[in-house]
Amino acid sequence: MKSFTPSRRQLRWVMTVSLVQITLLIALMSAALARPGKANAQELLARRVSLSVTHKPIKTVLSQLSRLTTARFTYSSTVIRADRPVSLVVVNQPLSTVLDQLLKPLSLSYQATDQEIVLIRTTAGSAIPTPETGSQVLPDPANRAVTVSGTVLDEKGGGLPGVTVLVKGTSQGTVTDPQGKYTLSVPGPDATLVFSFVGYLPQEVRVGSQSTVNITLAPNDKILEEVVVVGYGTQRRANVTGAIGSIKTSDINNITTANASALIQGKVAGVRVENAGGAPGAGVNVIVRGTGTFGNDQPLYVIDGNITTSMDFLNPNDIAGIEILKDASAAAIYGNRAANGVVLVTTKQGGTGATKINFSTKVGIQGPTDRLKFMNARQYADYINQAADNDKQPRALANTTAFDPNVDTDWQKLAIGSAAPVQDYSLNLSGGNDNAKFYISGQYFDQKGIVVNSGFKRYNLRANSTFTKGRFRLSEALALSRAVNTPNVWWGRERGEIPTIPVFNPKNDGGFAGIDPVFNGLPRGINWYGLSFLNENRQTNDQMLGSVGAEYEIIDGLRYKLNLGLDYTVGNAFSYLPTFFFSTSQEAFNNISRLDEVNVRGLGTLVEHTLNYGKTVGKHTVDVLAGYTQQVNEFRSLGATGADFPTNSLRVIDASTVRVNATGDIQRNVLQSILGRINYNYAGKYLLSATVRRDGSSRFAPQNRFGTFPSVSAGWRISEESFFPKNSILSDAKLRGSYGVLGSQNIGNYVTTSVLNINASYFFAGGVQPGTALTNFANPNVVWETSKTTDIGTDLSFLNGTFTVVMDYYDRRSEGILTNLPIPTFGGVGSSIVKNAATIRNQGFEFAGTYNHRPGSNGLKYSVTGNLSSIRNRVLALGEGVSPINGGGFTQESLQATRTDVGQPVGSFYGFVVDGVYNTQDQITADGRTNVRPGDFRYKDLNNDGKLNNDDRTYLGSPIPKFEYGAIFNATYRGFDLSLFVQGVQGNKIWNANKFKHLLDFGGDKLIAGTRAWTPANTNTDIPRATLSDPANNRRASSFYVENGSYLRLKSMQFGYTLPVAFVKKMQLSGARVYVQGQNLLTATRYTGYDPEIGRGGSPSQAAGLFGAGVDVGIYPQARSVFAGIDIAF
Amino acid sequence: MISMKPTKMPRFAYRAIMLSALLLMSSVLTDCSEKALDVPNPNQLSPSIFWRTADDAEKGLVATYGPLTTIQGWGRMLGAILTTLRGDDVNPFPAQEVNDVGTFAVAATDARVAEGWGELNAIVARANQVLANVPTIQMDETRKKQILGEAYFLRALAHFYLLNMWGTIPLIRKPVNALEDILVPQAAPAEVWASIKSDLKLAQTNLPAQPKDVGRATSGAATALLGKAFLYTKDWAAATAEFKKIVDGSAYKLVPNYQDNFSATTNNNAESIFELQYQNSSTGNWGPSGTPNPWRGQAWEPDIAPKGYTSQAGTTINRWVFDLFIKEKTTTGAIDPRAFATMIWNYPGAKVYQDDFTKAFNGTDQNNVWVRKYLNFDRTSSLTPGSWAYATNNRRLIRLGDVLLMYAEAENEASGPTPAAYAAMNRVRARATMPNIAPGLSKDAFREAVRTERVLELTAEGDRFLDLLRWGTVADVFTKNRALRSNSGGQFQANKNEYLPIPQNDVNTNPKMKQNPGY
């Protein structure tokens, strides 16, 4: 701004009128910015302002002034021609002066009321609004011009100033004065007046014979003015025709988590979020509208335009909003990666005005939501003796003659006994002016796990900024993060500790006691608690996610954008197992110390060119997008294993005496795409959107590389129709429908070409010699999976937006799902080939509703928002020759809990149906069972063939909830605020493998339920007899493990108090709020394991993944936590 | 800051500059060519460039040996679960889904059956690759001949065990290039036997007596296995002829100490004819040949080790075997030394691994006879050190002691108890300081004597079930003596448990495949 001379301290402005603005006929662009302040008009006008703008529309300048002074400007965009660009520099001037400087040259003036500043057009010397005659309107000689006057009232009966009153079909009109009065000359009695005002529903009135037209405007539904982030752009909520779920910042902050994707849970209908237990930093599964694949069913994440696979690393405080693109119409712009839905995350940007500094911190304490009840040492010894007797095996010394009454170890209490702290510190700076804005933030998050020796730390740094010069705009978002996870990988191991051994034995290497196979009579079992102290595990992930967008408006409405993205990750996985000795039991000693370390470096680059053109002609509004993109992802790993370290304190590969292993590979894929979208709307009434993306993927063979993914959607805003009853309870209504085809290329790299296996080595006396063999067949014809989605939805608003409802029904058919077609193994080329064969269908209903209580005079303000969704997931086909998929291994002998077959949900529980316990040998004989004794499980002979075999297994329920729901209640009253968040699922089952691990398995501590085990004296029980050898195979997969997984949970409750402004001012602050928060405070469930939130976390070796969903192999328990926090603004 | 004002310069020029700057930047960053989509696998070898050099031939051959010692192969499944634990010499405790084969509770879906089947078939498939591709490689002809010989031997060895354990198998002798090559019916057993014998004859002529590396197949190994093939098909004369080459030759000698056949320190000794080479890897992985760094240790030890010294409930030796050992004393009136190498029981000074027998077991377990053979008692249990897959006590798949007894058996069947038959028997007994067997036995009596001697010499070495099967006595033995499976209560079902089930997957996926009876 060197062309201006600040020393003159005089306002100067340069006005440059750009191309003639296309004036909208009816739509009024206006702004009602900032909440009405309490200040009176004089106070407002005296507020001092500094501002510098160049070539900006008036409305932008006004909005900035509004932000700086809290003044609310009211005007008609058409009347004041709010798109006219102006330039202005003021330094520390009162608002009144600024307005004079700004408005006078534009032939505008203003009137200030208590709350508002109304802009009006000036005619010579007059501040009273007068009609403006549109030159294009020729008065019809048949009609005599008449003058109409009246008052426009708001919903409370007060005069509404600044309302635009237009003669329909013309630009002839006026605005109401501060009392809401207007006078207007109209061509004749056939004329129709259109009253419109931002925040209110427009109304039309035919003049007829009246000379006075008084009306009351109804407030508009706020949601309709919301802007929604869509792929490659934004859209007004009112014009959205796809199914998009949005989460606002205010609803994000009610959960404290290490993993940002957990914030989505319970907040969007149709989006299931599964916490994989409660381990800090553990993965979270996000499933949008059901699982439609047997592979990776996780959505695509787009963070500030950067396309990636996870949002876990984000600082939740940086998130400005999350949108979830659920249907094909919304997601199709992401083509062959969108089949599982798309999560769009927008991070915060700076605003204009003085620099703001916010500091937030919270500290908390966590404990488990529940504990299991285990036998004590005496009960354990008795139970095991019972088992030994039943098995006709000698009783172990430790449980009989050598029983030590002084040893009674409560392993559970040791492992999850003490409260675990959480700390979260966050600082951000934001600000800027019209040309440059910035947002800089940092976070340190430290969560100790409720399970001993587990924890997670994260460091975040973010810098977002935008720069504007004329028609050029540059935006940048950069996020740096480091996450350090130190998991306790030994938690939840089956065959664990028993209460009859002590914790410590100083004589042992490592200092911990263990199970003596002979003395304790257990062949296997180890002190996992002790091992978790000795085994050092640490995963460090550093990530840099950055994007730069350069945008240039070539002609009005036509914008070219170049978006460059960079996703750079460096990961290190470290695991050191020192030498130790607990006992001679398997895994209970280690003679050779060992270090495994793997480094992974990933680099993803994204280049996107998009061209966007928007134009309105008459009632037609068109928005066109075209683009070309290329994304390259490459991961390179390098790992080494060293063994036999001279001391356990040297923990780097160089210190190892044996270099055991080195690994490394490159994973690379390239995606080239063109994309296009047309949004068309007619008079804001009929909406149409068509999207297509064509992707070329390096993952497929050249002949199958390219795929086209089209979608189309339409919307009808019925409430815009003239026949729609005015002033009805239903104030806004939209019907939507969409259909489209999406793809999923989540299949891994290099799967379409056969490779030789170089790992077929053999050891000859003298050394290992390398061997090479063909060990599998690749299928070159593999292509992406496709999903075809139909969606019908409606957006409704009642009582002028007090209550809004969004409902959707969808039918998603996923086809060509990759399955493993089994082939005979005797060919020596593996047991299966991959084929696009299966079909899965997901159908569901979604409901989301919000009630906003309009603040009354008492100042109580509250809102309730809730969602409910149902889902029906079915496998329609597996493909010819494809066998049902078994999964969910819940024992080390790989007993499996789930089966996926045609007609059933993915990963359904499968097994025998327990029909009580045998009481007599006669019953057993009658059932024709062998190796079975009284006290063993009786199973139903489902096919009535008199035999019990695998044909008697059946489906025992599904881990997929039939219904899911969530609700948030927010209220504020005189500085106090309260937020409640409940979430629940209904109709799902959980496979409680704790019952195997702590009852039917031969090792480990036993659940107290075992004291009810069948004995000849205790026959009225559902717990089978004690046995370790289990000849009747009571531990087989059966309904014994299946429990109701429904729960209703008070996920979060937050109570805060905002300190009075007068008070914080004294402390040189601009704001301060203190709060307490509780998480997982109350849970209603009938599940008897630790916690009903199982997800599909499994354990490192069991039940992990899609087919292990809902199988509880001793999942890390969820924490119940309490926090206290403070937010300070400077 | 740039003070250039748009108003002072032609607008289109300003815009053109800005736009071209953006486009220039973007074109530098974008490789628009579709060639960017050609991303070959940088990690693995393409089949199209293999089988060109002598080195390729060697690597392809090594891959054929690969499956022998993995856990799915003789490292564990073929080393105990599918073989030793089925014999009437041992009595396994139940371990659900671990030794269902040994307790005759096996189903066609049993993963362990599929593992053994898979590794043996991998040997066949890889041998087929070698035999089809190596002949056209330009390389040293002598070595080429040997490579083919080794492949013939390995294919015959795999077919031998497949046929005898599963009864009827598909016979594939060409490389598998398409799915149709696999979808074939089972061959008549005679056809497979013919293939085995033909392969072994080619191996016999192609292979040298001294291998390139210790552990590779030799002409002696081919001869011994060929004899065994004739023995199993009751071609007594042919069997005798082949065994005679070994028995009369000087290449192999009985080692003076019987136990040297089951100890890591005496691997590859003079008695060994074909020996699987185990590798000590403390950091391997469970996985078949073809996975990186699979364990190739003696992983079956926990499957046969005594209770308390294994992660399972253990395996005992059946009482009748013990009685057989105790019945006849050595020339000095002592217990047969082979008894101490084969079993452990409560005799004075008896030790289990490092512990005194009396302290190692509780109550009735003290009355049991436990397995000793192939266990590494220099350690603290079957699981030390650190893992159960470490031990490198090589599996002697064919040793002279066995060949001598097979020779005696074949000779007796062919010509009655000839002096040669006696000599072979007594050679075996003499090493154990056992007296010569009584002279003048009838053919039947001699047959019984050989069968008894096979128990004393070969208990818990894995071929016992196959012996019973070829003698036709297996159903009889097990159904009449339920006590043989007293530890598990397992019941042998005749016309079913003679053979293992064909893995369910292969029956499901190949319509031409027939499941074995009873499964």
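How many positive and negative side chains does chain B have, and how far apart do the centres of the two sets lie? Chain B has 55 positive and 50 negative side chains, and the two centres are 4 Å apart. Here Lys and Arg count as positive and Asp and Glu as negative, with His and the chain ends not counted; each charge is placed at NZ of Lys, CZ of Arg, CG of Asp or CD of Glu.

The model is predicted, so local features need pLDDT of at least 70 and side-chain atom pairs count only at pLDDT 80 or more, whereas totals for chains, interfaces and linings use all residues. Residues are numbered from 1 along each chain as its sequence is written, chains are lettered from A and ligands numbered from 1 in the order in which they are written, and side-chain values use heavy atoms, with hydrogens and water left out.

Chain B contains 18 helices and 8 strands, which are DSSP runs (helices H or I, at least four residues; strands E, at least two) numbered from the N terminus. Its C-alpha trace spans about 125 × 55 × 45 Å along the principal axes. Of its 519 residues, 61% are buried, meaning under 20% relative accessible area with a 1.4 Å probe and protein chains only; exposed means over 50%, and partly exposed lies in between.

One buried residue of chain B is B:T64, whose relative accessible area is 0%. B:T64 belongs to helix α2, residues 54-65. A polar atom of the B:T64 side chain lies 3.0 Å from the backbone oxygen of B:G60. Beyond its neighbours within four places in sequence, B:T64 is in contact (heavy atoms within 4.5 Å) with B:I123, B:R126, B:A127, B:V130 and B:L154.

Chain A holds 13 helices and 58 strands. Its C-alpha trace extends over about 110 × 65 × 65 Å along the principal axes. Of the 1130 residues of chain A, 56% count as buried. The 107 positive and 86 negative charges of chain A have mean positions 7 Å apart.

A:G158 is partly exposed, because its relative accessible area is 28%. Leaving aside neighbours within four places in sequence, A:G158 is in contact with A:V152 and A:L153. A:G158 and A:T216 are 58 residues apart in sequence, and their C-alpha atoms are 9.1 Å apart in space.

How values were computed
Polar contact = N/O pair within 3.5 Å; in protein donor to acceptor, adjacent residues only side chain to side chain.
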